[in-house]
Amino acid sequence: MTRLFAATSASVLLLSTAPLLAQTAADAVVPISAAVCAHMKQHHVLNPGAPVPCERLRLLKFGYVNFDGQTRDDAEMVVMDAVADHALAVFVALRAKRFPIASVKLMDHFEGDDEASTARNNTSSLNVRQIAGGGPISLHSYGVAIDLNPLQNPYITRSGDKLSIDPPAATDYVRRTPLRPGMAEDVVALFAAHGFAEWGGRWKNPIDYQHFQVGRALADRLARLPAAQARALFEQSIAGR
C-alpha cells in the first residue's frame with residue numbers, strides 16, 4: 001500500500017536546527033495536505049475524537065540507516081507541528097550515529113493496527129487510539145509519542161509469573177543486557193534532549209521499551225494552543241529541563 005506524498009518547495013519547511021547535524025535532501029517537515037488527511041481517515045489512523053486536527057500535524061521525511069548498514073531515504077512519520085522540528089532532529093542524529101532502524105512507515109500502511117505495525121518492526125508516531133489494553137487516549141493520538149524499533153524494544157506486561165510480549169518475536173530482547181544494535185537504552189538521552197523525556201522503559205508494568213513521549217499534561221496544552229504558541233511552549237519545556 002505504498003503511497004507517495006508530494007510537496008511543492010514552498011510547502012516544505014526545513015529543520016531550523018540544521019547547523020547542528022548534516023541534513024540530506026530527504027530531511028523535511030511537510031504540512032499535511034487535504035489528500036493526506038483524507039487518506040489517514042480512510043485508513044483508520046486519524047479517527048473520530050482525534051485531539052489534533054490535520055492543520056496541526058506535520059509529515060516528517062528523512063533518511064535513516066537500516067540493520068544492513070544501508071542508508072535509506074524513504075522514512076515517513078506524522079507528528080504534531082509543535083514537536084516536528086525536534087522529532088526530525090532526533091532522527092537526523094540517529095542517522096549520524098548510525099543507529100539502525102528497521103522501518104519507518106505511516107500507520108496508514110497498517111490500517112492503524114498497532115500490532116500489525118510492531119510485527120513489522122515499524123517505527124511510528126501518530127495513531128489515534130486508546131492506550132494498549134484500553135483506557136485513556138494514547139499520546140500517539142496527539143503525535144507526540146514515538147515507538148522505536150518494536151522488535152528490539154518490546155512492550156511487556158506481567159501478570160504474576162507470566163509475561164506478555166509484543167511483538168511475540170521479541171523474546172530475545174526481554175533481557176536488556178548486553179546492549180545490542182537498535183535498542184532504545186542507547187538513545188534515551190537523545191530523545192530527552194529534544195523534549196521526548198518520558199521513556200516507557202522506566203515504567204514498571206507495563207514496560208514499553210520502544211516508547212518515547214512528552215508528558216500528557218504538556219500534550220494537552222500543546223493541542224489546545226494556537227500553533228505558534230504551542231511551538232514556543234514546547235521550546236520552553238526543553239529549555240527548562
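Let's start with Ser103 and Asn122, whose side chains are joined by a polar contact of 2.8 Å. By polar contact I mean a pair of N or O atoms within 3.5 Å; within protein, one must be able to donate a hydrogen and the other to accept it, and residues adjacent in sequence count only if both atoms are side-chain atoms. A word on the model: it is predicted, so local features need pLDDT of at least 70 and side-chain atom pairs count only at pLDDT 80 or more, while totals for chains, interfaces and linings use all residues. Residues are numbered from 1 along each chain as its sequence is written, and side-chain values use heavy atoms, with hydrogens and water left out.

Back to Ser103. Is Ser103 buried or exposed? With 10% relative accessibility, Ser103 counts as buried; the cut-offs are under 20% relative accessible area for buried, over 50% for exposed and partly exposed in between, using a 1.4 Å probe and protein chains only. Ser103 lies in the loop between α2 and α3 (114–119). Helices here are DSSP runs of H or I with at least four residues, strands are runs of E with at least two, and both are numbered from the N terminus. Not counting residues up to four places away in sequence, Ser103 touches Tyr64, Arg120, Asn121, Asn122 and Thr123, where contact means heavy atoms within 4.5 Å.

Now to helix α2 itself. Spanning residues 84–96, α2 has 13 residues and reaches 18 Å from its first C-alpha to its last, close to the 18 Å expected at 1.5 Å a residue; that expected span is 1.5 Å times one less than the number of residues. Of those 13 residues, 12 are buried, so α2 is largely enclosed by the rest of the structure. What covers the buried residues of α2? The cover includes β1 (28–31), β2 (57–65), β3 (71–80), β4 (145–147), α4 (188–193) and α6 (227–239). Just after the helix, Arg98 takes a positive phi of about 60°.

The largest nonpolar core has 65 residues, and Met40 and Leu94 have the most contacts inside it. α2 gives the most to this core, with eight residues. A nonpolar core, for us, is a set of buried Ala, Val, Leu, Ile, Met, Phe, Trp, Tyr and Cys residues joined through side-chain atoms within 4.5 Å. Leaving aside neighbours within four places in sequence, the contacts of Met40 include Ile32, Val45, Leu57 and Cys54.

Cys54 also has a covalent partner to show you. Cys37 and Cys54 form a disulfide with their sulfur atoms 1.9 Å apart; the cut-off is a pair of cysteine sulfur atoms within 2.5 Å. The pair links distant parts of the chain, 17 residues apart: Cys37 sits in helix α1 (residues 34–42), and Cys54 in the loop between α1 and β2. Cys37 counts as buried at 10% relative accessibility, and Cys54 is buried with a relative accessible area of 10%.

Last stop, the sheet. Three strands form an open sheet in the order β6-β5-β8, with antiparallel pairing; two strands pair if DSSP finds at least two bridges between them. β6 and β8 (207–208) stand at the edges with a single partner strand each, so one side of each is left without a neighbour in the sheet. Five bridges join β5 (residues 155–159) to β6 (residues 162–166), and Tyr155 has Asp166 as its bridge partner in β6. Two bridges join β5 to β8. The β5–β6 hairpin has two residues between its strands, and Gly160 in the turn has a positive phi of about 65°.
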